[in-house]
Amino acid sequence: MTILITGANGQLGNEMRILSAENKQHTFLFSDVFVPEDSLVTIHPLDITDAASVSAFVKSHGVDLIVNCAAYTNVDKAEQDEATALKINADAVANLGRSGARVIHVSTDYVFSGDEHLPCSEDDPVAPRTAYGRTKNAGEQALLSVLPDAIIFRTAWLYSEFGTNFVKTMIRLGQTKEEIGVVYDQIGTPTYALDLARAIFAAINDDAWHPGIYHYTNEGVCSWFDFTVAIHEVYNMFIAHGMKHGEPITCRVRPILSEEYQYLTPRPHYSVLNKAKVKQTFAISIPYWRDSLIACMRNM
Ligand SMILES: NC(=O)c1ccc[n+]([C@@H]2O[C@H](COP(=O)([O-])OP(=O)(O)OC[C@H]3O[C@@H](n4cnc5c(N)ncnc54)[C@H](OP(=O)(O)O)[C@@H]3O)[C@@H](O)[C@H]2O)c1
């Protein structure tokens, strides 16, 4: 198959690029809205909001499948500019769906309210509370209305060795602050983007095409506070074993409530996804979040 990875400069897009080297039975094309000068692979400039360009690209390159890793992902900025977020997260996703190629798209736990107390399944009712969540929900619906046999992976708390993310921020703050407050009343599951990319490849390489929505995060649950403590512990473990250079992190991590943090955008208190369907359909096992954190920090 000829596979186009959009949003190739992002966290997930980069992990898809890493795994493309293990999937030489396919031909890969990478695209993003902006092409960095120091890119290790050819990144084609392609703004997915431009329907004509998307359609022309798919036809001229004979693309069979698009894995859409492109998105407007800044949750706070989306509150201020929902129109732009909607264009990228919904209208553009419909452009991909109309291009003639099959589509695997990526969505988010933010389509749910976050008020649940049990892990959400794929057919639970959605109730987005943020502009970002509304635009991602609109993207799911737009895609399925033009391409009912699309595959959608909903994920959460994504991090990787690429780009900026919570893991890197907490290492930086740990190295520069004596104490940080991190919320303990928001529960979810950190997800290493490389693991999500592996699940996407399981769907690509399956003998059959299984359309529908799938939930994928790493296994287990924690709060952002627990995640931060683990990040610092793993970092210090690498220092102690001589696998990273530098001073161990001694910063105190203080558990705080969300109301103390003064978020610009309300955050879900509980956003755990039920992954039974993805595990059963694609016969995959999912790593525990702490093991994947270690794997990611080893790759950093
Ligand atoms: N990050 C999370 O915690 C999280 C959680 C749940 C779900 N997700 C979903 O997971 C997917 C991957 O997220 P990620 O963290 O890998 O995202 P990311 O790192 O922000 O990467 C997204 C990429 O898409 C590009 N892009 C933006 N607008 C575009 C356009 N019009 N045309 C083409 N490319 C465009 C971005 O370029 P610029 O940077 O230049 O704008 C960026 O390179 C997204 O669908 C996201 O909604 C993420």
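Visitor: What do the buried residues of H6 pack against?

Guide: The buried residues of H6 pack against strand E7 (158-159), helix H8 (224-240) and helix H11 (289-299). Contact here requires two C-beta atoms, placed from the backbone, to lie within 7 Å, and the elements are DSSP runs numbered from the N terminus, with helices (H or I) of at least four residues and strands (E) of at least two. This is a predicted model, in which local features need pLDDT of at least 70 and side-chain atom pairs count only at pLDDT 80 or more, while totals for chains, interfaces and linings use all residues. Residues are numbered from 1 along each chain as its sequence is written.

Visitor: OK, and which residues in H6 are buried?

Guide: In helix H6 (residues 166-176) they are Val167, Met170, Ile171 and Gly174. Buried means that 20 or more other C-beta atoms lie within 10 Å of the residue's own, exposed means 12 or fewer, and partly exposed is in between, with C-beta atoms placed from the backbone.

Visitor: Why are they on the same side of H6?

Guide: Because they cover an arc of only 105° around the axis, where the arc is that of the directions from the helix axis to the C-beta atoms. The face of H6 turned away from its buried side carries the exposed residues Arg172 and Thr176.

Visitor: Switching to the largest nonpolar core, which residues touch the most other members?

Guide: Ile5, Phe153, Leu196 and Ile200 do, in a core of 81 residues, a nonpolar core being a set of buried Ala, Val, Leu, Ile, Met, Phe, Trp, Tyr and Cys residues joined through C-beta atoms within 7 Å. Helix H7 (residues 193-205) gives the most to this core, with nine residues.

Visitor: What is Phe153 in contact with?

Guide: Once neighbours within four places in sequence are left aside, Phe153 is in contact with Ile104, Val106, Leu196, Ala199, Ile200, Tyr214 and Tyr216.

Visitor: And around the ligand, which residues come nearest?

Guide: Gly7, Gly10, Gln11, Ala70 and Ala71 come nearest, out of 27 residues around the ligand, each counted when its C-beta atom, placed from the backbone, lies within 6 Å of the molecule. Two or more residues of this shell come from each of helix H1 (11-20), helix H4 (82-97) and strand E5 (102-108).

Visitor: Is Gln262 buried or exposed?

Guide: Gln262 is exposed, because 6 other C-beta atoms lie within 10 Å, whereas Trp157 is buried, with 21 other C-beta atoms within 10 Å.

Visitor: Last one: how many helices and strands are in the chain?

Guide: The chain has eleven helices and 13 strands, and of its 300 residues 45% count as buried. Its C-alpha atoms fill a box of roughly 55 × 40 × 40 Å, taken along the principal axes.
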